Amino acid sequence: MSFSQLTNQTAHRPWPIPPSPWIMTQRWSDLVFAHWPIPADALRPLVPSSLHLDTFEGQAWIGLVPFRMSNVRPRFVPAMPWLSAFPEFNVRTYVCANNSTDPAISKPGVYFFSLEAGNPVAVSIARQVFKLPYFRANMGLQHEEEPNGWNAYSAKAIHYRTERTHLGASSAQFRGSYRPIGPTYQSEPGTLEYWLTERYALYTVPADGRVLRGDIHHLPWPLQPAELEIEFNSMAVASQIDLPDTQPLLHFAQELDVVVWPLSHKVENS
């Protein structure tokens, strides 16, 4: 499927794609969602007051998301090996434009506390164009092939590491391994896993106080149950977030193609 054909499949979306042309493609691969519940009152001071904190049955959630980016390129421009592929690691929560119960109005999306990337040029472009808190990092992602196919769904473990190197930024590190442990499925609307993963916008509030929304589009997530072994993790603490001492809720996705629109001003109650 071409990226242009991708935008013809929209029935699963909670609101229509923007009428303007998309500007960028991305492919997200070898991704694990690791989610922890966080009391909304504890998270509210860390999210700009101009955004509505989104919760599921009154509970806020923090996601740590390591993955691999590829085919990162502007529309009509070919991918460039030195710029278009690199590891990325996100620390995120969930917000809405307003408190409407209609997702077509509230446009639920993602708010990023931090985004690490293993390419300094990509970090600079993303900070300038998308106004997101990207940080330079020394990162690595390695597949470990098991000789006997150590589970029925994937013969590879994914070993992932990141260490923030961004000048003037707080220290942040992660080392761990993850893998899928079950068959692929799509989440059902109304479930927690759907609420956590099926998000078609990001929100950012730059220094001038404007609330900006960036729309994205992709097919429904091809999720798999997953295992994660964390060797070291200070990614959330670097954003002043204390994770609970519990096992995270885990979902793996092998690959997903995405198209991206430019930032737009969020309009209340629109």
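The second largest pocket is lined by 22 residues, and those nearest its centre are Asp 54, Pro 103, Pro 108, Trp 195 and Arg 199. Two or more residues of this lining come from each of β2 (52-53), α3 (103-106) and α5 (192-197). Helices (H or I, at least four residues) and strands (E, at least two) are DSSP runs, numbered from the N terminus. A pocket is an open set of points on a 1 Å grid over the protein atoms alone, where a 1.4 Å probe fits, with protein on both sides within 12 Å along at least five of seven lines; lining residues have an atom within 4 Å of a point.

This is a predicted model, in which local features need pLDDT of at least 70, side-chain atom pairs count only at pLDDT 80 or more, and totals for chains, interfaces and linings use all residues. Residues are numbered from 1 along each chain as its sequence is written, and side-chain values use heavy atoms, with hydrogens and water left out.

The largest pocket has 39 lining residues, with Met 24, Gln 26, Met 69, Tyr 134 and Val 260 nearest its centre. Strand β3 gives the largest share of that lining, 6 residues.

Volume is the space filled by probe spheres set on grid points joined across faces, edges and corners. In the classes, Ala, Val, Leu, Ile, Met, Phe, Trp, Tyr, Cys and Pro are nonpolar, Asp, Glu, Lys and Arg charged, and the others, Gly among them, polar.

| Pocket | Volume | Lining by class |
|---|---|---|
| Largest pocket | about 680 Å³ | 29 nonpolar, 5 polar, 5 charged residues |
| Second largest pocket | about 380 Å³ | 9 nonpolar, 9 polar, 4 charged residues |

The mean pLDDT (the predictor's confidence in each residue, from 0 to 100) of the protein is 92.
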